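Here is a short report on one protein model. Keep the structure open while reading.

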Amino acid sequence: MEQTVRFVMGGQLQSVVITDPTLTVLDWLRGTARRPGTKEGCAEGDCGACTVVVGTLTGETLAYKAVNACIQFLPMLDGKELVTVEDLSDSETNLHPVQEAMVQEHASQCGFCTPGFVMSLYALYHQRETAPSRPVIDATLAGNLCRCTGYRPIIAAAETMFALPRPDHQPPIALLKTIQPQGDLTVTTPDGRRFDAPVTLDGLADLVETFPEAELLAGATDIGLWVTKQHRVLPHLISVGAVAELKQIEATDTAVTFGAGVTFDEALPHLSALHPDLTRLFERIGSTQIRNSGTLGGNIGNGSPIGDSMPALIALGATLTLRKGAAERQMPIEDYFLAYRKTARQPGEFIVSVTVPYLKPGVYFGTDKISKRQDQDISAVCAAYRLTVTDGLVTSARLGFGGMAGVPARARQAEAALRGQPFTLEAIRAAMEALGRDFTPLSDMRASADYRLTVARNLLLRFYLRETGVQVGEVGE
Ligand SMILES: Cc1cc2nc3c(=O)[nH]c(=O)nc-3n(C[C@H](O)[C@H](O)[C@H](O)COP(=O)(O)OP(=O)(O)OC[C@H]3O[C@@H](n4cnc5c(N)ncnc54)[C@H](O)[C@@H]3O)c2cc1C
Ligand code: FES
Ligand code: FES
């Protein structure tokens, strides 16, 4: 069995014998590779101090994305390039444009946050030729926290770095080609743990069926924290990361299908094409680093009541495809969630894809996420609404809510209150009332039950105001 994971770092091939499949990239960098430039702040994907850049080869193209090294496991690097802050320049006088701009703009702050900021900007630098707009810069840096100095000079560096002479960057494409996974990776450790990374869907199906107790691993933005925060020992991980079929996005005349391994970042342009509200929603999931790793399949698969994809996918009428062995089955996404963290997934089964029908012209759709912060925050309430109005009457209504119950769910009473009614304030008021029968939300550190219900009701009202153009003053208090 292959015990070695191969990736490129510093232009060199690294062959690392895996003795701990959940060793984080950050711990390996600092503890083994002696590259301490990458820092640990929170160890949970929140602060960005550990930001590194991972290069993924597709055909002849090497795409650089910023990720949080603290919640990535080392075997996930197999076949990739890892770029850390140490790789950017070979001397103090030969700085990379990102570093040069940081110096010129006096943007270099403490040693904790600066390497992470530099690496987020390095990924941005490789994704574009010219300076992007301010919102793009803000989004790039939203996953990098400084709690003491400020962002203004860093934003200035992000703008000016593109004007500096470009270094002659030779991506190690030829070297990477030699280490692209050709067959399944299986790592076992002396203490009996195991890490599998099959390369085909059939191989994945075989493994998951053979080892139903194994944990599926996608982007590790949830599972990483089980290790770093809960100190859980995960005896067997089956990674979906090398299965090309799960990375596919297929559009037909009626729907778009996302493989379960598609990241938020990869899905975003396709979701944005469906409705602008989906851009607003998905751009607010975590940070750039989280969206570069986290997948749709992981968001659905973790069964959380506050996964942000679910309300929108429920309202849109999305369908899941699940597979066990050779058998596939489909189900409406709302049927997947049975009770708190309990899903309809059977032992040996996994999510293959999620199919999202297009919105027909004239259909009303909207989605909102309510959280304490704009970026990098978990929802208190997340909601999505889709109404079809024919000849003045609501003929179909799908309302998806997160944060209101132990599972993401449809608001069926509120939907019933709308169906067959004219799309008027009166009908919306009845639906707002019905939400109290649909949900008995919990109070927790994010929000009280009262707050959640009030917000959910007001979101429905806001949706009505947005779609109809009725002014707030016209509806009374
Ligand atoms: C800092 C931070 C911010 C975050 N912000 C948000 C946010 O704003 N909104 C939000 O919704 N989430 C957020 N998350 C949570 C997380 O990013 C998402 O839930 C993400 O979609 C998980 O995907 P993943 O690929 O990383 O899954 P993983 O961590 O790899 O896996 C998560 C779960 O899904 C299961 N799973 C994975 N793939 C499959 C499959 N194909 N079939 C069946 N089960 C599968 C795994 O077994 C596991 O139980 C945040 C996380 C962090 C660390
Ligand atoms: S150490 Fe904070 S995001 Fe990784
Ligand atoms: S955290 Fe580095 S300067 Fe504030």
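In helix α1, which spans residues 25-32, the buried residues are Val-25, Leu-26, Trp-28 and Leu-29. This is a predicted model. What covers these buried residues of α1? The cover includes four strands: β1 (4-9), β2 (12-17), β3 (51-58) and β5 (81-83). After α1 comes Arg-34, with a positive phi near 55 degrees.

Strand β1 is one of the elements covering the buried residues of α1. β1 is itself mostly covered, with five of its six residues buried. In a regular strand, side chains alternate between the two faces of the sheet.

How does β1 run relative to β2, parallel or antiparallel? The two strands run antiparallel, and six bridges join them. One bridge pairs Phe-7 with Gln-14 in β2. Together β1 and β2 form a hairpin, with two residues between the strands. Gly-10 sits in the turn and has a positive phi of about 60 degrees.

β1 also pairs with β5. Here the strands run parallel, joined by two bridges. Met-9 has Leu-82 in β5 as its bridge partner.

The table sets out both pairings.

| Strand pair | Direction | Bridges | A bridge pair |
|---|---|---|---|
| β1 and β2 | antiparallel | six bridges | Phe-7 and Gln-14 |
| β1 and β5 | parallel | two bridges | Met-9 and Leu-82 |

## Helices α3 and α4

Two packed helices are described by the angle between their axes and the distance between the axes. Helix α3 covers residues 114-127, and helix α4 covers residues 134-141. They pack at an angle of about 135 degrees. Their axes lie 9 Å apart. Angles over 145 degrees would count as roughly antiparallel, and 65 to 115 as roughly perpendicular. α3 and α4 are therefore oblique to each other. The crossing of α3 past α4 is right-handed.

Which residues meet at this contact? From α3 come Phe-117, Ser-120, Leu-121 and Leu-124. From α4 come Val-136, Thr-140 and Leu-141. By type, the contact has five nonpolar residues, two polar and no charged.

## Arg-152 in helix α5

Arg-152 belongs to helix α5, residues 152-160. Is Arg-152 buried or exposed? Its relative accessible area is 63%, so Arg-152 is exposed; the cut-off for exposed is over 50%. Arg-152 and Gln-230 are 78 residues apart in sequence. In space, their C-alpha atoms are 36 Å apart.

Methods. Residues numbered from 1 in each chain as written. Chains lettered and ligands numbered in written order. Predicted model: local features only at pLDDT ≥ 70, side-chain atom pairs only at ≥ 80, totals over all residues. Heavy atoms only, no water. Axes fitted to C-alpha atoms, helices over the stretch in contact; angles between N-to-C directions. Parallel < 35°, antiparallel > 145°, perpendicular 65-115°, else oblique. Left-handed = near helix turned anticlockwise from the far one by under 90°. Contact = heavy atoms within 4.5 Å. Nonpolar A, V, L, I, M, F, W, Y, C, P; charged D, E, K, R; others polar. Buried < 20%, exposed > 50% of the residue type's maximum accessible area, 1.4 Å probe, protein only. Pairing = 2+ DSSP bridges.
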